[in-house]
Amino acid sequence: MKPLLWALLLSFVLSLAIVYGLCRGSLRALALDHPNARSLHASPIPRTGGLGLMASVLVAWLAMSAALPPVLWGSVVALLAVSLLEDFRGVPIALRLLTHGAAAALTAEMLFHGTAGILIVIVLAAAIVWVTNLYNFMDGSDGLAGGMAVFGFSAYGIAAWLAGRADFAAAEFCIAAAAAGFLAFNFHPARIFLGDAGSIPLGFLAAGLGLLGWRDGLWPIWFPVLVFSPFIVDASATLARRLRRREKIWQAHREHYYQRLVRMGWGHRNT
């Protein structure tokens, strides 16, 4: 029990400290999110919070020697690297999608090699790509994506713990703890945003760890879908509606249900 508590404390405190530092001084201007057609904020905000969150997760995993498949470690690091480049300098969308697709395909293949047919692997890879990106789509209101990470990965951790997998539960709880540290500076009015470096790896982990738990018999396939259903339903329904209207789905917009609630007067905290 003590190693688990130390890992959680390390993840939370490290995230709190790094994100705090990224909110201040010259570090604040490393990468700024300027308001656009999609935004619900009116002034530039740092979008480097995901760096602090994900760095804390990886350090905590290393400290506790998290027994996760190598493909998950490698995919998270690759996605984090490309997403950081996007936050700092910008990366062509084709390269980003290629990285997302490669990470998803490798993960689906390595996790289900020899136990699922090629069609199932393709469907699972497509699902990982979609959840990876929808998490990014839903990162547009103060506290929303970070809060989903706290609740979502805590639910994974509790389910894994009840299934007798304390090691897997600890890896999940570390993500939730790091997200809680980030949230201290992301509640409205937000002082920092996740950026792609936070939302993309979190979306990938929501899908990848959800499938890993299903493969290992810790929960049924519907459980990860239920846990992250607030994001999955909103993003999927919004995409379907925009496709039906033949709109350019890659253009910035403010039609997600969470965005509409904020604009209707609910505000960030109530939403």
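Modeller: Happy to. Tryptophan 219 and phenylalanine 223 are both buried, in what is, please keep in mind, a predicted model. For tryptophan 219 the relative accessibility is 5%, and the cut-off for buried is under 20%, so the residue falls on the buried side. The ring centres of tryptophan 219 and phenylalanine 223 lie 5.3 Å apart with the planes at 40 degrees; since stacked pairs need under 30 degrees and edge-to-face pairs over 60, this pair is tilted.

Tryptophan 219 has another ring partner to look at. The structure holds 14 aromatic pairs. In one of them, phenylalanine 168 and tryptophan 219 have ring centres 6.0 Å apart and planes at 40 degrees, so this pair is tilted too. Here the two partners come from distant parts of the chain, 51 residues apart: phenylalanine 168 belongs to helix H7 (residues 166-183), while tryptophan 219 is in the loop between helix H8 (196-215) and helix H9 (222-227). Phenylalanine 168 has a relative accessibility of 2% and therefore counts as buried.

Phe168, Trp219 and Phe223 belong to one aromatic cluster, whose other members are Tyr135, Phe153, Tyr156, Trp222, Phe228 and Phe231.

Helix H7 leads on to a further spot worth a visit. Serine 11, located in helix H1 (residues 2-22), is in contact with Cys174, Ala177 and Ala178, and also with Ser56, Val57 and Ala60, when neighbours within four places in sequence are set aside. With a relative accessible area of 0%, serine 11 is buried.

Two backbone details deserve a look as well. Past the end of helix H7, the loop between H7 and H8 holds proline 189, and the peptide bond that joins histidine 188 to proline 189 is cis, with omega near 0 degrees. The other detail is serine 65, which is not a glycine and yet has a positive phi of about 50 degrees. Serine 65 sits in the loop between helix H2 (49-64) and helix H3 (70-88). Its relative accessibility is 60%, and exposed means over 50%, so serine 65 counts as exposed.

How does all this sit within the whole chain? The C-alpha trace spans about 50 × 45 × 35 Å along its principal axes. Buried residues make up 50% of the 271. Among contacts with a separation of 6 or more, 72% join residues 24 or more positions apart, and the pair of phenylalanine 168 and tryptophan 219 likewise links distant parts of the chain.

Note on methods. Residues numbered from 1 in each chain as written. Predicted model: local features only at pLDDT ≥ 70, side-chain atom pairs only at ≥ 80, totals over all residues. Heavy atoms only, no water. Buried < 20%, exposed > 50% of the residue type's maximum accessible area, 1.4 Å probe, protein only. Contact = heavy atoms within 4.5 Å. Phe/Tyr/Trp six-rings, centres within 6.5 Å; stacked < 30°, edge-to-face > 60°. Helix = DSSP H or I, 4+ residues; strand = E, 2+ residues; numbered from the N terminus.
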